Amino acid sequence: MLKDSIAIFGYGNHGKFIANGLLTDSFNVTVIESDEIFFKNAQNDGFKTVFIDVTKDSELKKIELDTFSKLVCVMDDEHLNVFVTLSLRSLFKDAYILSISDSLNVTRKLQMAGANKVIDLYEVSANKIYNILEKPIATKLLEDFVSNKSGISFREMLIPNESFLDGKMAEKIDFSSYGVLLVGMIDKELGNAFLFITAGISHKLDSGDIIVCLGEKIDLDKFEELIKSKEDI
Amino acid sequence: MRDLLLSFALYLHRSKRYKSAKIFAKDILFNENNSYKRYFDITIIFLVISSVFILIYEVKNPVPLWLDNYDIYVVSFIFTIEYFLRLWVHNDISEIIIKEYNDTKFLGKEFNIYCVLKKSLLEKLKYMVTPSAIVDLLAILPAYRPLRILRVFILFRVFKLLRYTKSINQFVDVIVNKKFELLTLLFLLLFIVFASGVAIYILEADENSNINSLFDGIYWAIVTISTVGYGDIAPITGVGRAISILIIVSGIAMISFVTSIIVSAFSERLDELKEDRIVEQMNKSKSFMIICGYGQMTKMFFRQKRKNIGKYVIMDNDSSRVEAAQKNGYIAIKEDASSYKTLSRFDAKYCDITILCLTSSDVENIYITLNAKSISRNIKVITRVNDTENIDKFKHAGANELLLPNVVANSMIYIAITQPTMYKAIHAILTGKSIANIDEIHVHNSHAIVGREIGELDFSVHKLLFLGISRDGKFIFNPSKNTKIESYDILLVMGRKISLEYFKELHEGDIYVKR
């Protein structure tokens, strides 16, 4: 299985944006379309593009989808999107499928169809309304963090073998002195769920854990280098 | 005399106290948003009800003197004051005199104060003969002792209550709208009553001992046609009974006609009446939200089930969507939010209004934004933008906040593909899951933590993650431990809601979080 190769079904509103974003981050992107205009658009934008009738299993089988690490269903037609999700799940049991949904009913259908992750078009935005009303400043800043507008952003880091963090308790380390803040982590000992530092559970950091930090790019870069070393400088 | 009046008018015109007193009186009498008006209304209603009770009690029982005095002096006194207040605020004589004086001076004409005075007094008189003013006046009259018969006029005090209920006005409105139909029926009714009354008089006056005059005949016709039928007068001849049959049948038909006209008139206006109610209730509250469009976004908004969002109303042009919203238990009205008439019904002067434009059309959203901003700059508009090309247009239209569901969803998918671990974290933070709740703490002037260093406040003990300070519009990320907290800083903190609440409680009275 090739890492970082991604198949995008649909080059409409969302597909276009995502495909372009992934390309700039040097992912290996393949666009699959059954609409001729969208297909041409994708071709003109320089993507590896496959033109097939996505409703036919026989045609889907031809493109060896099991070589992709992630399958992304973002077709503009929600019916087609659910159908493609379902076909992909029945054809490729182990595939990681990501779908977009524009309503609660569709979300439920997509989950039943076997999508690993369903992203609701409106959920985050609807929450933003509450946030704007309750805490306007925090909302603005948060958005900047996520979109990396203010220079401060989130980053996930893998704790390497023999890192000085290995075996230490998360509370004992003063991350802020490195210019970064520890937001949370995936602790392998506690299953693969994401744990926020504010949950109040004592975390032991081990190599292989993934930590998510918030900070400025320079500090994050420095810190990522730093944790590779054995000794805390 | 002329000069005296003129200088007095000028004095009043210049007096700030006079003006503010008048404005206050006007406010308390007419302005629904005045906080004292409610107490004023309740007082008047109490006075009316108590005096009517005294009247009823008095019929069979002797009334103690103090109660009688209360009825005569207190109630009537307050009603007299109210009457004169209403008369006073109706128009402004001094203003009229001064305006007229300036105008005549400008034109170089002779100034005749009596002419102006007459004109403005006539205006007052015009008010005095309006039904509500007459009711007010009659309600005072029972205080005049020598005329005991006037006690019945206390009932006019009940009519005063009508001023304080909206429903009667709406009822009259409905009736007035059906004037033509009702008048037609009334004429038909009069014709039948008169014709059959005359007929029974002619036919039975000689034979029936109960019918002695034309009035008896008409009285019988009315009693019969209304299906009341006392039976004190009854026809005895065959022809008389035939007339009875006709009059009874037409009476039933007539009554059902009238009923159906009124009922249909009401059901036609039922939605409108309901809407008026909703708008009125909204205007009574200090802040509320108008949500335009009941689509996926709005549904999702309500789905979040966060804490009480306060007063709101959903507006949609499409009646099936309004019905769907109402079925789900939301307050919704079918109105066009892009029309000036609709939005101007909401009181932007006294209330904090937030408008959410969540329709799926950018054109519609921009129009609503402009519409709201044209009514008042104070209306806060949060709008959904579907096409990123339109962002500048929305900003230009004056929208306070923009929501970009497509862009947000795209970046969420993007994160989900490239950084699956982070996706969970960011999703939890953005949707405000309890653990990852990011909140702001507003430090006010006399706050206990002002001047203390960041290092002293042990956030981690409270299981909070301190992110930084927003100071003078700039964000300081992860400030050093010896940074001192200043007044009006906004601290950005992440943590569980309960941790945050506890942190606030520790500094109770000194700390507050906006809203």
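Four strands of chain A form an open sheet, ordered β7-β10-β8-β9, with antiparallel pairing. The edges of this sheet are β7 (152-158) and β9 (194-196) of chain A. Each has a single partner strand, so one side of each is left without a neighbour in the sheet. On average, neighbouring strands here are turned by 30° against each other, direction ignored. The model is a predicted one.

Strands of a sheet pair through backbone hydrogen bonds, either parallel or antiparallel. Seven bridges link β7(A) with strand β10 (residues 210-216) of chain A, and the two run antiparallel. One pair to look for is A:I152, whose bridge partner in β10(A) is A:E216. A helix also packs on this sheet: α8 (residues 217-226) of chain A. Helix α8 touches β7, β8 (180-186) and β10 of chain A. Its direction makes about 145° with that of β10(A).

Now step back to chain A as a whole. Chain A has eight helices and 10 strands. Of its 233 residues, 42% are buried. Consider next the contacts in chain A between residues at least 6 apart in sequence. Of these, 57% join residues at least 24 apart.

One loop residue is worth a stop. A:G114 sits in the loop between α5 (104-113) and β6 (117-120) of chain A. Is A:G114 buried or partly exposed? A residue counts as buried with 20 or more other C-beta atoms within 10 Å, and as exposed with 12 or fewer. A:G114 has 17 within that distance, so it is partly exposed. Which residues does A:G114 contact, leaving aside its neighbours within four places in sequence? They are A:T85, A:L86, A:R89 and A:I97. Look at A:I97 in that group. A:G114 and A:I97 are 17 residues apart in sequence. In space, C-alpha to C-alpha, they are 7.8 Å apart.

Next comes the contact between the chains. Chain A gives 58 residues to the contact, and chain B gives 54 residues. On the side of chain A that touches chain B, the largest share comes from helix α6 (residues 123-134) of chain A, with 11 residues. By class, that side of chain A has 33 nonpolar, 14 polar and 11 charged residues. Another helix of chain A reaches a sheet of chain B. Helix α7 (residues 136-147) of chain A lies across β7, β8, β9 and β10 of chain B. The helix runs at about 135° to β7(B).

The four strands make an open sheet in the order β7-β10-β8-β9 (chain B), with antiparallel pairing. At the edges stand β7 (438-442) and β9 of chain B. Each has a single partner strand, so one side of each is left without a neighbour in the sheet. From one strand to the next, the twist averages 30°.

Follow strand β8 (residues 464-471) of chain B. Seven of the eight residues of β8(B) are buried, so the strand is largely enclosed by the rest of the structure. What does β8(B) pair with? Six bridges join β8(B) to strand β10 (residues 490-495) of chain B, in the antiparallel sense. Along this pairing, B:L464 stands opposite B:G495 in β10(B). B:I469 stands opposite B:L491 in β10(B). β8(B) also pairs with strand β9 (residues 474-477) of chain B, antiparallel, over four bridges. There, the bridge partner of B:G468 in β9(B) is B:F477. β8(B) and β9(B) form a hairpin with two residues between them. In the turn, B:D472 has a positive phi of about 50°.

The last stop is a pair of helices in chain B. Helix α10 (residues 179-204) and helix α11 (residues 214-225) of chain B pack with their axes 8 Å apart. Their angle is about 130°. Angles from 65 to 115 degrees count as roughly perpendicular and those over 145 as roughly antiparallel, so α10(B) and α11(B) are oblique to each other. The crossing of α10(B) and α11(B) is right-handed. Residues from α10(B) in this contact include B:I192, B:F194 and B:Y201. Those from α11(B) include B:L214, B:W220 and B:I225. By class, the contact has 12 nonpolar, three polar and no charged residues.

Key:
Residues are numbered from 1 along each chain as its sequence is written. Chains are lettered from A and ligands numbered from 1 in the order in which they are written. This is a predicted model: local features need pLDDT of at least 70, side-chain atom pairs count only at pLDDT 80 or more; totals for chains, interfaces and linings use all residues. Axes are lines fitted to C-alpha atoms, for helices over the stretch in contact, and angles run from 0 to 180 degrees between N-to-C directions. Angles under 35 degrees count as roughly parallel, over 145 as roughly antiparallel, 65 to 115 as roughly perpendicular and the rest as oblique. A crossing is left-handed if the near helix is turned anticlockwise from the far one by less than a right angle, and right-handed if clockwise. Two residues are in contact if their C-beta atoms, placed from the backbone, lie within 7 Å. Ala, Val, Leu, Ile, Met, Phe, Trp, Tyr, Cys and Pro count as nonpolar, Asp, Glu, Lys and Arg as charged, and the others, Gly among them, as polar. Two strands pair if DSSP finds at least two bridges between them.
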